[in-house]
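Dear colleague,

Please find below the structure that I am handing over to you. My notes on what was found in it follow directly after.

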Amino acid sequence: MSLVVIGLSIGMLLFLLAAGLTIIFGMLGVVNFAHGALYMLGAYVAYQIVQWTNNFWLALLFGPCLVALVGGLIERFTLRPLYGRDHAYQLLVTFACVLVIEEAVRLVWGVNFRAMNAPPSLAGTTEVFGSIVTDYRLFIIAFGIALSAGLFFAIEKTRIGMIVRAASSNSIMASCLGIDVVRLRTVVFMVGTALAAVGGAVAGPLLPLKLGMGSTIIIDCFVVIIIGGLGNIKGAIIGALVIGMVRALGQQFASDWINMLTYLLLIVTLAVRPEGLFNRRGREA
Amino acid sequence: MRTALIAALALACSGIGLNSANSQTPTAFTIGGVVPLSGAYALLGTSMQKGAEIAIEERAKVLRVPIKAIWEDTETKPQTSVQKASKLLAGGVSILFGDGSSGQTLAIMPLAQQRKIPLLVTTSAADQITGANRNRYTFRTSSLAFKETRMAIEYVKKAGLKSVYGLAVDQPVGRDTWNMMKAALKELGIQSVGEDFAPIGSQDYSIIIDKIGKSGADGVFVVTTGSDTITFLKQAGQVKLNSRVPIFGTGFLDDDTAAAVGPDVVGVKTVARYHFSYDTPANKRFVEAYRKKFNEWPNAYAGHAYDGLIWFFDVVEKVGSWDVEKWVAEFEKSSHPNSVFGPAQMRACDHQAQGVGLWAEAAKGSAPYPELLLKVTSTFPPDHIYPACPN
Amino acid sequence: MRAAALVLVLIASLAAVPLLAGAGTIYFITLILVWGIFAISFDLVFGLTGLLSFGHAAFLGTGAFVYAFIMLAMPDQFLLAILGAIAAAGLLAFLSGALALRLSGIYLSLTTLAIGELVFYAASSPMRALTGGEDGLAGVPRPTLLGHNFSDDTSFYFLVLFVFTLIVTAVAILRESPFGKVLNGIRLNEIRSEQVGFNVRLFKIIIFVISGALSGLAGALLASLIMYVNPQSLHWTTSGDVVIMTLLGGRGTLLGPVIGVAAYEVLKEVASAYTVHWYGILGIIIIFMTIYMPTGIRGALDVPIRWFKGQRR
C-alpha cells in the first residue's frame with residue numbers, strides 16, 4: 001500500500017507539470033519545449049522568495065505569478081508571430097527559449113546547487129501502512145488533487161472555461177463570435193506557465209535546484225500527456241498517475257529498468273491508441 | 001552569383017584556420033584546458049578553472065616563459081571534448097588539462113597518446129584511466145574509484161557493520177564500485193542485503209529509501225554523483241534514514257552538495273577527495289589565495305587542479321628543457337612532498353599518483369566556515385588502498 | 001545544370017582548404033561535412049517529404065556504434081564496418097518507420113522521439129556491456145583502405161569529402177527524379193497524392209529507410225573522426241540539434257542543411273570565444289532567425305541572388 005502512496009506523490013508532481021503542458025497544447029496547438037525551463041525558473045524564483053521572506057507559502061503563491069509574466073512575454077514576442085506556420089517553427093522557437101532562460105538563470109544564480117527546504121509545518125513524517133512517508137509528500141498529493149479538481153471545474157463548468165474550449169476547437173468561429181482569440185492565447189499560455197512554475201516551487205524541497213533540471217523532467221511530461229491525450233486534463237491526471245505508479249513499481253522491483261519500461265509503455269500507447277486514453281481520434285493538423 | 005557566394009563562404013571558413021598556425025619556438029607554456037563550463041558538470045569545470053588560475057598566478061613562469069591557459073568548454077559531452085581537444089592540440093599546446101566526466105577523459109586520452117602531448121587528469125575517477133586504458137602520456141594526480149572503495153571497505157571493517165545495502169547509479173562507475181564492495185563484503189563474511197541501481201537523474205528515491213529502511217541493514221553504501229546525491233540525501237533525510245541505517249559512500253558528497261541537501265545531511269559519511277581544512281602548509285597557502293581571489297572556500301575540483309598543475313610545473317622546471325619525453329620520464333618517477341595533501345608519489349607503472357585518503361563526515365560549521373560542511377575524521381595511509389601495479 | 005556547377009565549385013573550394021588552413025580548421029570542416037551528411041539525410045524526410053522526425057539521432061548513433069563494434073574487433077575491415085552501420089541504421093529506420101509512419105503530424109514526431117529515447121536508454125543501460133554505457137567506447141580506429149591509413153586528419157578529410165560529394169550528388173539526383181517529385185507532392189498534399197494513385201505509405205517507408213541508412217553512414221564517419229562513440233549521439237538533444245541546423249540553413253533545399261550545420265558550428269565557435277554565456281546568445285539568434293528568416297539562410301540567399309540577376313520575385 002505504501003507503494004501506492006509514494007507512486008501517487010510521484011504522479012502528482014508530474015501532473016502539476018503536465019497539466020500546464022497539455023493545456024497549452026490544447027489551446028495553442030504548440031508543443032511547448034520551454035515548459036521544462038519555465039519549471040526550472042519557477043523553482044529558482046520560489047527559492048529566491050524563500051531566501052528573502054523565509055516563507056514557503058508566499059513563494060508558492062507569488063512565484064508562479066512572476067513566472068507567468070515571463071510566459072506572457074514569450075508568447076507575445078516569440079510565438080505570436082509564428083501562428084499559422086508549420087509546427088516545426090514553434091517547436092524550434094520554444095527550444096531556443098530554453099537556451100535563453102537557462103542562460104538567464106545561470107547569470108542570476110550561478111552554477112552552484114541551491115537548496116530549498118519544506119516549510120516547518122510539513123517537515124514531519126507520518127506512518128502509512130507500515131512505511132514512513134513525509135508529510136510533504138502527502139501535501140503534494142492533496143495539493144495535486146485540489147489543483148486538478150480546480151482546473152477541471154474551471155474548464156468544464158465556468159464561462160471562461162467554455163470560452164477556452166470553444167476557442168480551442170474552432171478559433172475562427174470563436175473569433176467571429178467576438179472572442180479575442182489572440183489575447184486568450186496569451187492568457188492560456190500564461191496559465192500554463194504558472195502551472196509549470198507551481199510545479200517547480202513544489203518540487204523545490206524534494207529535488208536539487210540546478211541548471212538543466214527542466215530538461216530531465218520535460219521528457220517525462222511528454223510521456224504523460226501523450227498517454228493521457230494531448231490537450232486533455234483528465235488524461236493528464238490519469239497519465240501522470242500511471243507513470244507515477246510505473247516508476248514506483250520499477251523502483252521496487254527493477255530499478256535499472258524504469259526508463260525502459262516508461263518508454264515501452266509510451267510506444268505501446270502510440271502503437272495501439274495514439275490519441276491517448278481520453279481523446280477521440282480525429283484528423284490531425 | 002550564387003556560386004561565387006558559396007565559394008566565398010567556403011574560403012571564409014577556411015580563413016579561420018589561418019589563425020591557428022603553429023609556432024616552432026615556444027614563447028609561452030600553454031595549458032590547453034578542456035573542461036565542462038556548461039552542461040551537467042559546469043560546476044566542476046568552473047572550479048577546475050579557478051584552481052588552475054591560482055596555480056598559474058602563483059608560478060607565473062615556467063622555463064623562463066610565461067604560463068598561459070586556453071580554455072575550451074566541453075559542454076559535458078565527450079564528442080565536444082574530442083573536438084575541442086583536437087583543436088587545441090592542432091593549435092599547439094604544451095600540455096592538455098582536463099576533462100570533467102570520466103567518459104570525456106577516456107575519449108580524449110587516445111588523442112594525447114597520438115599527438116604525444118601530456119594529459120593531466122585531476123578530476124575523473126574511473127579506474128580505467130590509469131588501468132585498462134592507461135597510456136604513456138596520461139597522468140592522474142587525483143584519486144580513483146578503487147582507492148575510494150577500499151577506504152569505504154576499511155570503514156565497514158572499523159565500524160563493525162554486519163550487513164550492508166547498496167545503492168549505485170546505473171553507470172559503469174556505479175556498478176563497478178558496488179561489485180567491488182560486494183566482493184569485499186563476501187570475503188569479510190558481511191552480508192549484502194540488497195542492491196538497487198537507479199538511473200542517473202532519478203527524481204525520486206522514496207521507494208528505494210523505504211526498501212533500505214525495511215531491510216534491516218547496518219549501513220547503506222551509496223555511489224551516486226552530484227545532483228543525484230542531493231536528491232537521495234534530501235529524500236532520505238526527510239524520513240531520517242541516516243539515524244536508522246547509517247549512510248556512507250565514496251566521493252559522492254562534498255561541501256557543495258552537503259550545503260544543497262540541508263541540515264539532514266549531518267552525520268553522513270564519505271570519502272573526501274579534498275578538504276580546505278586539511279592542515280598542510282601548501283593547502284593553507286592555496287586556500288588563502290583562493291579565498292582572497294574568489295571569496296569562497298575551494299572545493300575538491302579546484303584543489304586538485306591547483307595541486308596537479310603545481311606538481312607538473314615542478315617537474316618541467318626540474319627537467320629544464322622543452323623535451324616532452326623527458327617530462328614524461330621525470331613525472332612518472334617524481335614525488336610531490338609539498339602537495340596540499342602532504343607527501344604524494346607518482347607511480348611509474350600506471351601514472352597514478354599516490355597519497356593519503358581522507359574520510360569525512362558531514363557536520364555543522366560555524367563562521368567563517370560554511371553552515372554545512374565536511375569534517376575530516378580520519379586519514380588512511382596510501383598503502384593498501386591503491387590497486388596493485390600491473391605486471 | 002546550374003546546380004551541378006554550383007556543387008562542383010563548392011567541392012573544389014573545399015578540396016583547396018587544406019592548402020590554406022591549419023590542422024584545427026581542417027578538423028572543424030571535417031566535422032561540418034560529417035554532420036552535413038546527417039543533416040542532408042534528415043532533410044530527405046523533413047524538408048522533402050514533410051515529416052518531422054524527432055528521433056533521427058537513433059540512426060546516427062546506431063550507425064556509429066555498429067561501425068565502432070566492427071572496427072574495434074577487426075580494424076582493417078573498414079568497408080564491412082561502413083556497410084554494417086548503414087544496414088543496421090536502415091533496419092532500425094524500417095522498424096521505426098513501420099510504427100511511426102502510421103501516424104501523422106505531432107503524433108508522428110512524438111513517436112519518433114519516443115523510439116529515439118528508447119534506443120538511447122537501451123544503449124545506456126541494459127546494453128552497457130556492449131556499448132560501454134555512459135563512458136562509451138574509446139579508441140575506435142581510423143580506417144585503413146587500399147593500404148593507406150587515415151589516422152592523419154588531412155587524409156581523413158579527403159575521405160570524408162569524397163563521401164560527402166557522393167552523397168550530395170546522389171541526393172541531388174534523387175530530389176530531381178520522379179521519386180523525389182512524388183515525395184514533394186506528398187509533402188504538399190498527402191491526400192491528393194493518395195487519390196492520384198500513389199502508395200503514399202510505401203513511399204514514406206522507403207524514404208525513411210534511405211534517410212536512416214544515410215544517417216547511419218554519417219554516424220560511422222563521426223565515430224571514425226572522433227575515434228570515440230557513446231550514447232550521447234543517441235540523445236534527443238542530438239536529434240534536436242539536427243532539426244535546428246536544418247531549419248536554420250533552409251529545409252527542403254539541397255545545400256540548405258549543410259549551410260545550417262556550418263552556420264551553427266561557426267556561430268558556436270565564435271560566440272564561445274567571447275563569452276561563457278554563448279548558449280543564451282545562440283538562443284536569441286535562433287529566435288530571430290525563426291521569426292524573420294523562415295526559409296533559413298539558404299532562402300535568404302535567394303533574395304540578393306535574384307536582385308543580382310535582375311529578376312523580380
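I begin with one pair of residues in chain A: A:Thr125 has A:Thr134, in strand β2(A), as its bridge partner. Strand β1 (residues 125–128) and strand β2 (residues 131–134) of chain A run antiparallel and are joined by 4 bridges. Here two strands are said to pair if DSSP finds at least two bridges between them. Strands themselves are DSSP runs of E with at least two residues, and helices are runs of H or I with at least four, each numbered from the N terminus. In general, the strands of a sheet pair through backbone hydrogen bonds, in a parallel or an antiparallel way. β1(A) and β2(A) form a hairpin with 2 residues between them, and A:Phe129 in the turn has a positive phi of about 50°.

Please note that this is a predicted model, in which local features need pLDDT of at least 70 and side-chain atom pairs count only at pLDDT 80 or more, while totals for chains, interfaces and linings use all residues. Residues are numbered from 1 along each chain as its sequence is written, chains are lettered from A and ligands numbered from 1 in the order in which they are written, and side-chain values use heavy atoms, with hydrogens and water left out.

Chain A as a whole

Chain A holds 11 helices and 2 strands. Read from the N terminus, its elements follow the order α-α-α-α-β-β-α-α-α-α-α-α-α. Its radius of gyration is 19 Å, which agrees with the value near 19 Å for a compact globule of 285 residues; the radius is taken over C-alpha atoms, and the globule rule is 2.2 Å times the number of residues to the power 0.38. The C-alpha trace spans about 60 × 45 × 35 Å along the principal axes. Of the 285 residues, 61% count as buried, where buried means under 20% relative accessible area, exposed over 50%, and partly exposed in between (1.4 Å probe, protein chains only).

Chain A has 18 positive and 12 negative side chains, and the centres of the two sets lie 8 Å apart. Lys and Arg count as positive and Asp and Glu as negative, without His and the chain ends; each charge is placed at NZ of Lys, CZ of Arg, CG of Asp or CD of Glu.

B:Thr177 lies in helix α6 (residues 172–188) of chain B. Is this residue, B:Thr177, buried or exposed? B:Thr177 counts as buried because its relative accessibility is 5%. Beyond its neighbours within four places in sequence, B:Thr177 is in contact (heavy atoms within 4.5 Å) with B:Ala145, B:Thr149, B:Phe221, B:Val223 and B:Thr250.

Chain B also contains an open sheet of 3 strands in the order β12-β13-β14, with antiparallel pairing. Its edge strands are β12 (335–339) and β14 (353–354), each of which pairs on one side only. Strand β13 (residues 342–346) pairs with β14(B) over 2 bridges, and B:Met346 has B:Ala353 as its bridge partner in β14(B).

Chain C

Chain C has 14 helices and 4 strands. Its radius of gyration is 19 Å, close to the 20 Å that the globule rule gives for 313 residues, so chain C is as compact as a globular protein of that length. Of its 313 residues, 63% count as buried.

Yours sincerely
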